[in-house]
Amino acid sequence: MTNLIVGLKYQPKYGKIETEEQLLEIFSDLKENYSKFKQNFSITSDGKSVNLKEFLKIAVDDPIANAGKFSRVVLSGSGDIGGIVVKDASLEYDLSSVSSLTKYWNIYQDKSCFSCTNQYTVLISQDESEARCKKINDGRSPGQVNRNHDCANYSAYLKNSEGKPARQLDALIEEALK
């Protein structure tokens with residue numbers, strides 16, 4: 001039985017991701033790493049072989065939402081990994097740095113008041129708060145609750161290069177696979 005070497009962790013070039021282009025750059029880097037690893041190592045998660053799409057999904061997986069499952073894969077084989085030569089070993093490759101950067105990605109661009117830069121929170125009672133809109137112009141004045149998800153004043157926290165709301169993680173993963 002081979003030992004599992006831990007401590008190998010992916011380090012993205014961004015400390016905070018604010019545009020989908022930055023995330024696509026990270027996916028491109030991960031895709032390159034996957035290709036290099038695949039030449040000499042088998043890549044598995046939970047004992048099952050992992051393809052590139054699964055590799056990217058594991059990278060953005062939220063471990064809390066997935067019952068403590070961590071954003072990690074196991075590389076088994078022999079070869080060179082960033083200057084470290086291993087022979088017949090298993091290495092744990094930690095991708096959690098990506099999952100922590102994308103933890104709220106889908107929430108921050110879902111076209112709800114919560115994901116809008118025009119919203120603010122008002123404390124209603126000790127245990128209850130409510131989101132209000134700074135810019136409602138559909139017959140109500142600013143400061144009222146906006147329950148309309150097709151708000152003309154919607155401004156997402158996360159944007160693409162055109163200034164529009166960023167796409168969901170699954171759509172970005174599909175683009176990265178092309």
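Which hand does the crossing of α1 and α2 have, left or right? The crossing is right-handed. The model is predicted: local features need pLDDT of at least 70, side-chain atom pairs count only at pLDDT 80 or more, and totals for chains, interfaces and linings use all residues. Residues are numbered from 1 along each chain as its sequence is written, and side-chain values use heavy atoms, without hydrogens or water.

**View 1. Helix α1 packs on helix α2.** α1 spans residues 20-40 and α2 residues 52-60; helices are DSSP runs (H or I, at least four residues), numbered from the N terminus. Their angle is about 130°, with the axes 10 Å apart. Axes are lines fitted to C-alpha atoms over the stretch in contact, and angles run from 0 to 180 degrees between N-to-C directions. The two helices are therefore oblique to each other (under 35 degrees counts as roughly parallel, over 145 as roughly antiparallel, 65 to 115 as roughly perpendicular, the rest as oblique). The crossing is right-handed, that is, the near helix is turned clockwise from the far one by less than a right angle. From α1, F27, L30, K31 and Y34 make the contact; α2 brings L52, F55, L56, A59 and V60. Contact means heavy atoms within 4.5 Å. By class, 8 residues are nonpolar, none polar and 1 charged (nonpolar: Ala, Val, Leu, Ile, Met, Phe, Trp, Tyr, Cys and Pro; charged: Asp, Glu, Lys and Arg; polar: the others, Gly among them).

**View 2. Helix α2 packs on helix α4.** α4 covers residues 169-177. The axes lie 10 Å apart at an angle of about 140°. α2 and α4 are therefore oblique, and their crossing is right-handed. L52, K53, L56, K57 and V60 of α2 touch L169, D170, I173, E174, A176 and L177 of α4. The contact holds 7 nonpolar, no polar and 4 charged residues.

**View 3. Helix α1 packs on helix α4.** Here the angle is about 50°, with axes 10 Å apart. That makes α1 oblique to α4. The crossing is right-handed. E20, L23, L24, F27 and K31 of α1 meet L169, L172, I173, E175, A176 and L177 of α4. These divide into 8 nonpolar, no polar and 3 charged residues.

**View 4. The largest pocket has a lining that includes W105 and Y157.** Its space is about 200 Å³. The lining consists of K16, I17, E18, S100, L101, K103, Y104, W105, Y108, Y157 and L158. By class, 7 are nonpolar, 1 polar and 3 charged. On a 1 Å grid over the protein atoms alone, a pocket is an open set of points with protein on both sides within 12 Å along at least five of seven lines, where lining residues have an atom within 4 Å of a point.

Methods. 1 Å grid on protein atoms, 1.4 Å probe; cavity = no way out; pocket = protein on both sides within 12 Å on 5 of 7 lines; lining within 4 Å. Points joined across faces, edges and corners; volume = space filled by probe spheres on them.
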